[in-house]
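Visitor: Please take one part of this protein and walk me through it closely. I would like one connected account.

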Amino acid sequence: MAKRRDLENEIFILALERGERRFFPTDGTPFALQSQFGIRIAGTSFHRPPFEISRLDYDQHSAYFCIEGRGHYVTPAGQGVVNPGEVWLVPAYYPHHYWVEDEWRYVWIHFRDEGYWSSWHALGERKLRSHRIDQLRRVAEGIVEQGERWDDDVEVMEGWVRLLIAYLRQELMEPDDNPHRWSATLADVWREVRLNPARRWRTDDLAEMAHISPPHFNRLMRQIYGMSTNAMLAKIRMDKALMLMRGTDMKLEHIADLTGYSSGFALSKAFRRVFGDSPRSHANSR
């Protein structure tokens, strides 16, 4: 296990009898379309142990879309896991080591270090939620299968490749603050907060649930909801507190405990700041 934390030696262990590795075609007009988009090589893989790869000075940017199972990895930033529905993005020349402990099915794509993809150096290694994982899986499998039974049907293969490029644009090249892309993800995050308002939520926690950075999470909040992260937290807690005040005989201290405030005094102070009067007066006036 120690060598799995080793980023000083190249390692390539691949037991094909324990899985499969299938490549996209690398010749003809369809490949020319991939190449124009910046794709150097791509394919689908399914692996069981023993499988592990270290790349210390790889000259291509890599995207690993997790379909099933889990992929484990280590980089200079630390260890992590790629779960189903996630995509792990690694810039060129960034040391990384990945392996399988149970099984892992994924689509992998390597991009040349040029054009748009060169921006990945500044973005660094990161993990995102994929919004097109099922479509990407079907398209990747279609490309591989069409390539393996190549029958000169160029139009069909071109159709698959153009669809792949369209999905990759949406996944990897759309602005990250596009509301269409992120609104559902943030809605899931806030749904979890509403279920447990008593938890001491931090922006770091919420951003981790959305698989983005805290500054990015705050920017999206402003664009999608028109309010700050703290303002949304306060609103959810206030809504819950009002519901409990109107529908129960709970004391303010108990309500504060259920809504994430340290005391009844802290809840009352926050309430006055928002509504201009005390919690009980506000509740009784409605």
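Guide: First, a term. A helix axis here is a line fitted to C-alpha atoms over the stretch in contact, and angles run from 0 to 180 degrees between N-to-C directions. The model is predicted.

The part is helix α10, residues 264-275. The protein has eleven helices and eleven strands. Of its 286 residues, 46% count as buried.

Now the helix itself. α10 has twelve residues. From first C-alpha to last, α10 reaches 16 Å, close to the 16 Å expected at 1.5 Å a residue.

Next, its two sides. Gly264, Leu267, Ser268, Ala270 and Phe271 of α10 are buried. Viewed down the axis, the buried residues of α10 fall within an arc of 165 degrees, so they line one face of the helix. The face turned away from that buried side carries Phe265, Lys269 and Arg273, which are exposed.

Then the partner. Helix α8, residues 229-247, packs with α10 at an angle of about 105 degrees. The two axes are 11 Å apart. Angles of 65 to 115 degrees count as roughly perpendicular, and α8 and α10 are therefore roughly perpendicular to each other. On the α8 side, Met238, Ala241, Leu242 and Met245 make the contact. On the α10 side, Leu267, Ala270, Phe271, Val274 and Phe275 make it. Leu267, Ala270 and Phe271 are among the buried residues of α10.

Gly276 follows α10. The phi of Gly276 is positive, near 85 degrees.

Methods
Residues are numbered from 1 along each chain as its sequence is written. This is a predicted model: local features need pLDDT of at least 70, side-chain atom pairs count only at pLDDT 80 or more; totals for chains, interfaces and linings use all residues. Side-chain values use heavy atoms; hydrogens and water are left out. Helices (H or I, at least four residues) and strands (E, at least two) are DSSP runs, numbered from the N terminus. Buried means under 20% relative accessible area, exposed over 50%, partly exposed in between (1.4 Å probe, protein chains only). The expected span of a helix is 1.5 Å times one less than its number of residues. The arc is that of the directions from the helix axis to the C-beta atoms. Angles under 35 degrees count as roughly parallel, over 145 as roughly antiparallel, 65 to 115 as roughly perpendicular and the rest as oblique. Contact means heavy atoms within 4.5 Å.
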